[in-house]
Amino acid sequence: MKIQSLTLPALAGALLVFGAHGQTVIEDFEYASNDDLYANWTTDSGFVQLSDNVAANSTGTNSLEIYRYFGASPWETQIVSGPVLDTPTAIVPGQYISFRLAGDPQFQNGTFSQLYVYVYDSQGNFGRWGTAIPTSTSWQMVNLLANNIELPWNSPGAPNQSDIVQFKVVIYGQGDPAGQPFDATIRLDDLTVRDTPLIDFPPAAPMRALIDDFEGYTDDAALHAFYSILNSPATTATSASLESPAPQGNQALKLAIDFASGRYPWGAVMSAEVAPFSLPTNAVVQFRVKGDPSLEPVVDDGTVFYLSFYDSAGAAIHYTATPPVVAADWQWVQAPAGWFWQQSIVDTGNLVRWRILVEGWNGTDESPGRSGTFYVDDIRITVPPRLAITSAGDHLNLHLSDLLPGTTYTLRQTSDFNTWTTSTFTATADTETRSLTPDGHVFYQLYYTP
Ligand SMILES: [Ca+2]
Ligand SMILES: [Ca+2]
């Protein structure tokens with residue numbers, strides 16, 4: 001166990017490899033042998049060992065490989081424990097628990113795939129931060145905000161975060177009920193407490209203009225092949241099907257949810273993984289949604305419609321609103337990217353799946369179960385195109401940017417606001433420059449219909 005507390009800029013240049021911000025490296029797994037590793041890290045099941053598979057941007061040569069067979073039993077869990085620290089470490093609000101993580105597609109067999117970092121103080125109190133286990137074997141960065149610490153049900157109390165003496169990694173492979181049994185291997189490295197998130201995301205992928213209009217499924221079976229159903233608690237039941245007619249095309253998504261009794265029940269569908277796509281900061285996410293007014297009597301601050309986008313590390317951004325849950329008629333929602341919120345750092349340049357979720361209520365332990373039917377259609381990401389006039393020496397240029405290649409745009413112009421000249425073109429790149437020969441004042445307008 002190697003603790004390195006660094007606060008720049010008071011450090012020598014050689015240490016700059018650790019980054020330009022204060023951080024405490026809890027563990028980088030740079031042990032000489034597995035015997036050295038086992039003197040510090042142990043697992044209650046499966047096995048751990050050093051691996052020479054490391055992230056491209058990691059400075060070392062070793063990571064921790066964690067293997068386990070997760071049977072078809074509820075709450076199959078593996079606990080990997082680090083050593084008790086000689087010197088307590090502190091985690092203050094605003095800091096991040098950061099680490100590198102490579103997942104395993106086998107976790108798709110489980111019903112609850114979550115990795116938690118547990119921290120213990122010297123009195124035995126503990127808390128944790130969690131993240132979904134990636135189903136990709138490529139390395140991801142995970143940054144969990146210290147403020148979002150959770151207390152598990154069996155914690156005797158919140159840990160004193162200035163007196164942290166042990167870290168553990170707890171891996172859930174199954175929920176209740178359990179899914180298929182599976183073998184899984186994940187890798188972990190560079191467990192660090194940082195003042196700023198560690199981000200080394202790949203370059204942003206292209207935008208995905210059409211998320212889903214539900215026209216591409218020949219039947220409900222095809223829908224179920226792409227979307228998986230999630231329920232909480234397990235006694236909530238969600239059925240997903242195609243609905244006609246629809247506000248766009250012929251088909252919409254129908255979610256019929258039998259919410260379980262008790263507190264904050266929800267039902268959801270999660271898409272399969274798709275090629276990475278970006279959500280530009282100037283994008284507007286738009287979709288159509290219809291709710292169920294029969295839930296009006298139980299509306300509280302837990303009555304929430306979610307549209308969430310996930311990166312490959314399982315971190316998500318969320319649009320949330322209550323009105324769609326009880327809307328009697330189709331609503332057309334336009335949500336700027338800035339309306340989406342997140343609890344951890346999300347690679348919005350490389351999103352790979354989305355989730356549509358309806359939570360019925362916060363309620364109380366005595367809240368009775370209810371049923372609701374919800375519809376969604378025509379989920380798209382749009383970006384307003386931009387126009388600028390630039391000088392090019394002896395003439396002016398009209399510069400068009402934020403174009404979506406393959407999209408047809410309308411460009412129109414007028415000098416008197418009575419007579420308009422309109423032309424359409426299909427963008428072949430994300431920018432285009434046209435030479436202008438204006439005769440007097442000209443007003444230009446550029447738009448497209450998603
Ligand atoms: Ca390492
Ligand atoms: Ca449709």
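Predicted model: local features only at pLDDT ≥ 70, side-chain atom pairs only at ≥ 80, totals over all residues.

Trainee: Let's begin at T43. Which residue does T43 stand opposite in β6?
Mentor: T43 stands opposite V80 in β6. Strands here are DSSP runs of E with at least two residues, helices are runs of H or I with at least four, and both are numbered from the N terminus.

Trainee: How many bridges join β3 to β6?
Mentor: Two bridges, and the strands run antiparallel. Strand β6 covers residues 77-81. Two strands pair if DSSP finds at least two bridges between them.

Trainee: What order do the strands of that open sheet have?
Mentor: The order is β3-β6-β11-β8-β9, five strands with antiparallel pairing. Its edge strands are β3 (42-43) and β9, each pairing on one side only.

Trainee: What is the mean pLDDT of the chain?
Mentor: The mean is 91, and 95% of the residues reach 70 or more. pLDDT is the predictor's confidence in each residue, from 0 to 100.

Trainee: Where does pLDDT stay under 50?
Mentor: Over residues 1-20. For that stretch the model has 27 contacts beyond four places in sequence. A contact means two C-beta atoms, placed from the backbone, within 7 Å.

Trainee: Now the whole chain. How many helices and strands?
Mentor: Three helices and 30 strands. The C-alpha trace spans about 80 × 60 × 35 Å along its principal axes. Of the contacts with a separation of 6 or more, 76% join residues 24 or more positions apart.

Trainee: What share of the residues is buried?
Mentor: Buried residues make up 34% of the 450. Buried means 20 or more other C-beta atoms within 10 Å of the residue's own, exposed means 12 or fewer, and partly exposed is in between, with C-beta atoms placed from the backbone.

Trainee: Which domains is the chain divided into?
Mentor: Domain 1 (4-194), domain 2 (210-382) and domain 3 (386-447). The bounds come from an automatic or database domain assignment.

Trainee: How far apart are the centres of domain 1 and domain 2?
Mentor: Their C-alpha centres lie 31 Å apart. The contact between them takes 16 residues from domain 1 and nine from domain 2. On the domain 1 side, β9 (126-132) and β10 (139-145) are the elements giving two or more residues. The largest share, six residues, comes from β10.

Trainee: Which residues have the most contacts inside the largest nonpolar core?
Mentor: L101, V117, V119, L188, V358 and V376, in a core of 88 residues. Such a core is a set of buried Ala, Val, Leu, Ile, Met, Phe, Trp, Tyr and Cys residues joined through C-beta atoms within 7 Å.

Trainee: And why does this core lie between domain 1 and domain 2?
Mentor: Because both domains give residues to it. As for L101, its contacts beyond four places in sequence include L115, L188 and A313.

Trainee: Switching to β19. Why is it largely enclosed?
Mentor: Seven of the eight residues of β19 (residues 304-311) are buried, so the rest of the structure largely encloses this strand. Eight bridges join β19 to β23, running antiparallel. D311 has L351 in β23 as its bridge partner.

Trainee: What does β19 form with β20?
Mentor: A hairpin, with four residues between the strands. G314 in the turn has a positive phi of about 90°. Six bridges join the two strands, which run antiparallel. F309 stands opposite I317 in β20.

Trainee: Back to β23. How many bridges join it to β17?
Mentor: Five, again antiparallel. There, G267 has V358 as its bridge partner. Strand β17 also pairs with β14 in the antiparallel sense, over six bridges.

Methods
Residues numbered from 1 in each chain as written. Chains lettered and ligands numbered in written order.
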